[in-house]
Amino acid sequence: MHRKFGVEVEFVGSVDSVLSAVRNAGLSTRSSRHSYVGHSNSEWVVKLDGSVSGGGEMVSPPLYFDDVEARGQVTKAVTTLREAGGQPNGQCGIHVHVDASDLTHAQILAVIRTYH
């Protein structure tokens, strides 16, 4: 199975500047800059984030881990975010989602034990 993953990167800085920079970097992007809700199955989303004062969140579409170009999108997006002035602080986090729909019960328990 090709394993899907996605990332959410919170930042302090101008949501509009980050959105513009990510678009200019050539990544397909949809804006939810005036909303706290938003994700896309095919585009990066730059939006407000209620847990970050004075910033927002950049959300990837589902990507395939074994696709070098897809992994390169993450590098390009994070680099572009920094270049646009998006910075982390104590309010910010990074979330990585990994598709586990094909895991058996035993594999899921192993993951739980590992992180417990």
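**Close-up 1. A salt bridge joins Arg 3 and Asp 102 in this predicted model**. The two side chains meet at 2.6 Å, N to O. Arg 3 sits in the segment before β1 (4–12), and Asp 102 in the loop between β6 and α3 (105–115), so the pair ties together parts 99 residues apart in sequence. Arg 3 is partly exposed, because its relative accessibility is 28%. Asp 102 is also partly exposed, at 35% relative accessibility.

**Close-up 2. Glu 57 and Lys 47 form a salt bridge**. Their side chains meet at 3.5 Å, N to O. Glu 57 belongs to strand β4 (residues 55–59) and Lys 47 to strand β3 (residues 44–48), so this pair ties together parts that are ten residues apart in sequence. Both Glu 57 and Lys 47 are buried. The salt-bridge count for the model comes to two.

**Close-up 3. Arg 3 and Val 98 are among the residues lining the largest pocket**. The pocket holds about 160 Å³ of space. Its lining also includes Ala 100, Leu 103, Ile 108 and Val 111. By class, the lining has five nonpolar residues, one charged residue and no polar ones.

**Close-up 4. Ile 94, Val 96 and Val 98 make a nonpolar surface patch**. The patch covers about 310 Å². Val 96 lies in strand β6 (residues 94–98). Val 96 counts as exposed because its relative accessible area is 55%, and the cut-off for exposed is over 50%. Val 98 belongs to this patch and also lines the largest pocket.

Note on methods: Residues numbered from 1 in each chain as written. Predicted model: local features only at pLDDT ≥ 70, side-chain atom pairs only at ≥ 80, totals over all residues. Heavy atoms only, no water. 1 Å grid on protein atoms, 1.4 Å probe; cavity = no way out; pocket = protein on both sides within 12 Å on 5 of 7 lines; lining within 4 Å. Points joined across faces, edges and corners; volume = space filled by probe spheres on them. Nonpolar A, V, L, I, M, F, W, Y, C, P; charged D, E, K, R; others polar. Patch = residues over 30% accessible without salt bridge, like charges linked within 9 Å, V, L, I, M, F, W, Y side chains within 5 Å. Areas by Shrake-Rupley, 256 points an atom, 1.4 Å probe, with all protein chains shown as cover. Salt bridge = Lys/Arg side-chain N within 4 Å of Asp/Glu carboxyl O. Helix = DSSP H or I, 4+ residues; strand = E, 2+ residues; numbered from the N terminus. Buried < 20%, exposed > 50% of the residue type's maximum accessible area, 1.4 Å probe, protein only.
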